[in-house]
Amino acid sequence: QVLLVESGGGLVQAGGSLRLSCAASGSIFTIEDMAWYAQAPGKQRELVASITRGGSTTYADSVKGRFTISRDDFKSAVYLEMNSLKPDDTAVYYCNADVGSWYRAPPVTYWGQGTQVTVSS
């Protein structure tokens, strides 16, 4: 079993910054894609940013130029640097990782419990 734990959320004024962290632990042999999703009240969970094991990144159009995703495979962690935050960024942010638990095991997708980000105007 694999556990993902997020941290770093909170309340920030518009224009401010936050850095989210997500650490994976448990039965981990390799981690493929990692990602951050956001779910605002009354809305579906949406992809914010993703990063492959090779370091290729993708971003939602709404966060391009403001958010940066990165990963540290030695720590089995993924990060989301959030700058120039807007009230529309308010949501619960979830990390996600595709984890292979042993050699040649097919990756299984795991989710964290979420961390609240609130941006005040």
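## Buried polar residues and loop geometry in a β-strand chain

At 15% relative accessibility, Ser76 falls under the 20% limit, so this serine counts as buried. The model is predicted. Ser76 sits in the loop that links strand 7 (67–72) to strand 8 (77–82). Its phi is near 50 degrees, a positive value in a residue other than glycine. Most residues other than glycine have a negative phi.

Arg104 also has a positive phi, near 65 degrees, and is not a glycine. This arginine lies in the loop between strand 9 and strand 10. Is Arg104 buried or exposed? Arg104 is exposed, because its relative accessible area of 72% lies over the 50% limit.

Ser101 belongs to the loop between strand 9 and strand 10 (108–111). Its relative accessibility is 18%, under the 20% limit, so Ser101 counts as buried. The Ser101 side chain reaches the backbone oxygen of Ser27 at 2.7 Å. Beyond residues up to four places away in sequence, Ser101 touches Val2, Ser27 and Phe29.

The loop residues compare as follows.

| Residue | Relative accessibility | State |
|---|---|---|
| Ser76 | 15% | buried |
| Ser101 | 18% | buried |
| Arg104 | 72% | exposed |

Next comes a charged residue within a strand. Asp98 is part of strand 9 (residues 91–100). It is buried, yet it has no salt bridge. Which side chain of opposite charge is nearest to Asp98? That side chain is Arg71, 8.5 Å away. A salt bridge needs a distance within 4 Å. Asp98 does have a polar partner: its side chain and that of Thr109 are joined by a polar contact of 2.7 Å. Neighbours within four places in sequence aside, Asp98 is in contact with two runs of residues. Thr30, Ile31, Glu32 and Asp33 are among these contacts. Pro107, Val108 and Thr109 are also included.

Now the whole chain. It has 11 strands and 0 helices. Its radius of gyration is 14 Å, close to the 14 Å that the globule rule gives for 121 residues, so the chain is as compact as a globular protein of that length. The C-alpha trace spans about 50 × 25 × 25 Å along its principal axes. Of the 121 residues, 43% count as buried. Among contacts with a separation of 6 or more, 55% join residues 24 or more positions apart. The accessible surface comes to about 6,600 Å². Carbon and sulfur atoms hold 50% of that surface.

How values were computed: Residues are numbered from 1 along each chain as its sequence is written. This is a predicted model: local features need pLDDT of at least 70, side-chain atom pairs count only at pLDDT 80 or more; totals for chains, interfaces and linings use all residues. Side-chain values use heavy atoms; hydrogens and water are left out. Helices (H or I, at least four residues) and strands (E, at least two) are DSSP runs, numbered from the N terminus. Buried means under 20% relative accessible area, exposed over 50%, partly exposed in between (1.4 Å probe, protein chains only). Lys and Arg count as positive and Asp and Glu as negative; His and the chain ends are not counted. A polar contact is a pair of N or O atoms within 3.5 Å; within protein, one must be able to donate a hydrogen and the other to accept it, and residues adjacent in sequence count only if both atoms are side-chain atoms. Contact means heavy atoms within 4.5 Å. The radius of gyration is taken over C-alpha atoms; the globule rule is 2.2 Å times the number of residues to the power 0.38. Accessible areas come from the Shrake-Rupley method with a 1.4 Å probe; for residues, only the protein chains shown count as cover.
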